[in-house]
Amino acid sequence: MTPQRRAIVSEVMRTSGHISPTAVARKVLGEMPGVNPSTVDRRLTLREEPSAPSHSHLQTGAEYHRAHEAAHGHLTCSRCGRDDALSLREARRLQQLIRAHRGFEADLTHFAITGLCVDCAAATTPTSGT
């Protein structure tokens, strides 16, 4: 593994939670000024390597995290951007519904379910009596 690749993987592994490719590139460039941002993108998408970080597609784009932290889904508010974790235990019923309806095995860790968070939903609900 090249020093550049090692720095990219190390940055994701040091991060608690998710980090965007842009943020990874910014931090790695601070340590290794010669690293090209396209190298960061290519390294993060090399999924066949065992050291490759996992990613989820959130509203703002792909976000990367340590592979062992991938056991959750995301609920992302399309209005305020709030991101809430959805445990796989909580998502099991949705996975079962998809399987029963379509025979499809859904990977709910790879993408975000978008909608409105409780606060934004309450703000859009008309009050009765007005």
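Author: Let's begin with strand β3 and strand β4 (residues 83-87), which pair in the antiparallel sense over five bridges. Strands here are DSSP E runs of at least two residues and helices are H or I runs of at least four, numbered from the N terminus; two strands pair if DSSP finds at least two bridges between them.

Reader: Before we go on, what kind of model is this?

Author: This is a predicted model, where local features need pLDDT of at least 70 and side-chain atom pairs count only at pLDDT 80 or more, while totals for chains, interfaces and linings use all residues. Residues are numbered from 1 along each chain as its sequence is written, and side-chain values use heavy atoms, with hydrogens and water left out.

Reader: OK, which residue in β4 is the bridge partner of Thr-76?

Author: That's Asp-83. β3 and β4 form a hairpin with five residues between them, and Gly-81 in the turn has a positive phi of about 85 degrees.

Reader: And how many bridges join β3 to β5?

Author: Four, with β3 and β5 (residues 112-115) running parallel. Leu-75, for one, has Ile-113 as its bridge partner in β5.

Reader: So what's the strand order in the sheet?

Author: β4-β3-β5, an open sheet of three strands with mixed pairing. β4 and β5 are the edge strands, each pairing on one side only.

Reader: How many residues of β3 are buried?

Author: Five of the six in β3 (residues 72-77). Buried means under 20% relative accessible area, with a 1.4 Å probe and protein chains only.

Reader: Which helix lies across the strands?

Author: α4 (residues 88-102) lies across β3, β4 and β5, at about 75 degrees to β4. Axes are lines fitted to C-alpha atoms, for helices over the stretch in contact (heavy atoms within 4.5 Å), and angles run from 0 to 180 degrees between N-to-C directions.

Reader: Switching topic: at what angle do α2 and α3 cross?

Author: Roughly 125 degrees, and the axes of α2 (residues 21-31) and α3 (residues 37-44) come within 9 Å. That makes α2 oblique to α3, because angles under 35 degrees count as roughly parallel, over 145 as roughly antiparallel, 65 to 115 as roughly perpendicular and the rest as oblique.

Reader: Which residues meet there?

Author: Pro-21, Val-24, Ala-25 and Leu-29 in α2 meet Pro-37, Val-40, Asp-41 and Leu-44 in α3.

Note on methods. Buried < 20%, exposed > 50% of the residue type's maximum accessible area, 1.4 Å probe, protein only.
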